[in-house]
Amino acid sequence: MFKKTWTLQTLIDCTHLVDDCLEFQGYIEPVNGYGLTFYKGKIIRAHRLIWLLCFGSLPKKPDWVLHTCDNRKCINPNHLYIGTAKQNTADGFARNPKMIQRRQNANEKRRIARLNYERKQQYYQDVITLHQ
């Protein structure tokens, strides 16, 4: 099996310039859109690998490598910074107010699903009680 040795140059060679972003052209996770690759026998997201190659180490938990451009394929080191999950959410809402509405809609769907589940459970309990 061919194993690529990633260097800063080989990683940048696997990109395509879109606006100001360097979009990773390797494997992209279908579910969330992040670039994925292998490094030292482990799977790593491409933007985290470029951070590691540029700055020498990855942040310790609870810190993450975040994007200023909201482009998950982007590995431009100038678009990356260290922050927390809470900062990432707040930044996303600040840059894209539609995210707030999507989050509210998702919360409402979960609330309705939970109510429907509770109603079903009550119905089943009532049926069981009637047949005893």
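I took helices (H or I, at least four residues) and strands (E, at least two) as DSSP runs, numbered from the N terminus. This is a predicted model, so I kept local features only at pLDDT of at least 70 and side-chain atom pairs only at pLDDT 80 or more, while totals for chains, interfaces and linings use all residues. Residues are numbered from 1 along each chain as its sequence is written, and side-chain values use heavy atoms, with hydrogens and water left out.

**Entry 1**

I looked up D19 and found it in the loop between β1 (15–18) and β2 (21–24). Its phi is near 55°, a positive value in a residue other than glycine. I then checked its accessibility, with buried meaning under 20% relative accessible area, exposed over 50%, and partly exposed in between (1.4 Å probe, protein chains only). D19 counts as exposed because its relative accessibility is 75%.

I went on to D70, in the loop between β6 and β7 (80–83). D70 also is not a glycine, and its phi is positive, about 60°. Its relative accessibility is 44%, so D70 counts as partly exposed.

**Entry 1: the sheet**

I traced an open sheet of 3 strands, with the order β3-β4-β5 and antiparallel pairing. Which strands stand at the edges? They are β3 (27–28) and β5 (42–45); each has a single partner strand, so one side of each is left without a neighbour in the sheet. I counted two strands as paired if DSSP finds at least two bridges between them. As a reminder to myself, strands of a sheet pair through backbone hydrogen bonds, either parallel or antiparallel.

I checked the pairings one by one. β3 and β4 (residues 35–39) pair in the antiparallel sense over 2 bridges. I28 has G35 of β4 as its bridge partner. β4 and β5 are also antiparallel, over 4 bridges. There, L36 has R45 of β5 as its bridge partner. β4 and β5 form a hairpin with 2 residues between the strands, and K40 in this hairpin takes a positive phi near 50°.

**Entry 2: helix α2**

I asked what the buried residues of α2 pack against. I used contact in the sense of heavy atoms within 4.5 Å. The buried residues are A46, H47, L49, I50, W51 and L52. They pack against α1 (8–13), β2, β4, β5, β6 and β7.

Just after α2, I noted G56 with a positive phi of about 90°. Further on, P62 lies in the loop between α2 (46–55) and β6 (64–67). The peptide bond that joins K61 and P62 is cis, with omega about 15°.

**Entry 3: the salt bridge**

How many salt bridges does the structure hold? I found 1, taking a salt bridge as a side-chain nitrogen of Lys or Arg within 4 Å of a carboxyl oxygen of Asp or Glu. The side chains of R45 and E29 make it, at 3.2 Å from N to O. R45 lies in strand β5 and E29 in the loop between β3 and β4, so the pair ties together parts that are 16 residues apart in sequence.

Are the two residues buried or exposed, or partly exposed? R45 is partly exposed, with a relative accessible area of 30%. E29 counts as buried, at 19% relative accessibility.

I placed A94 in helix α3. A94 counts as exposed because its relative accessibility is 64%. A94 and T68 are 26 residues apart in sequence; their C-alpha atoms are 11 Å apart in space.

N96 is in the loop between α3 (85–95) and α4 (98–130). N96 counts as partly exposed, at 26% relative accessibility. I75 is 21 residues from N96 along the chain, and 20 Å separate their C-alpha atoms.

Y123, Y124 and I128 make a nonpolar patch of about 340 Å². Patches are made of residues with over 30% relative accessible area and no salt bridge; like charges are joined within 9 Å, nonpolar side chains (Val, Leu, Ile, Met, Phe, Trp, Tyr) within 5 Å. The accessible areas come from the Shrake-Rupley method with a 1.4 Å probe, and for residues only the protein chains shown count as cover. Y123 lies in helix α4. At 52% relative accessibility, Y123 counts as exposed.
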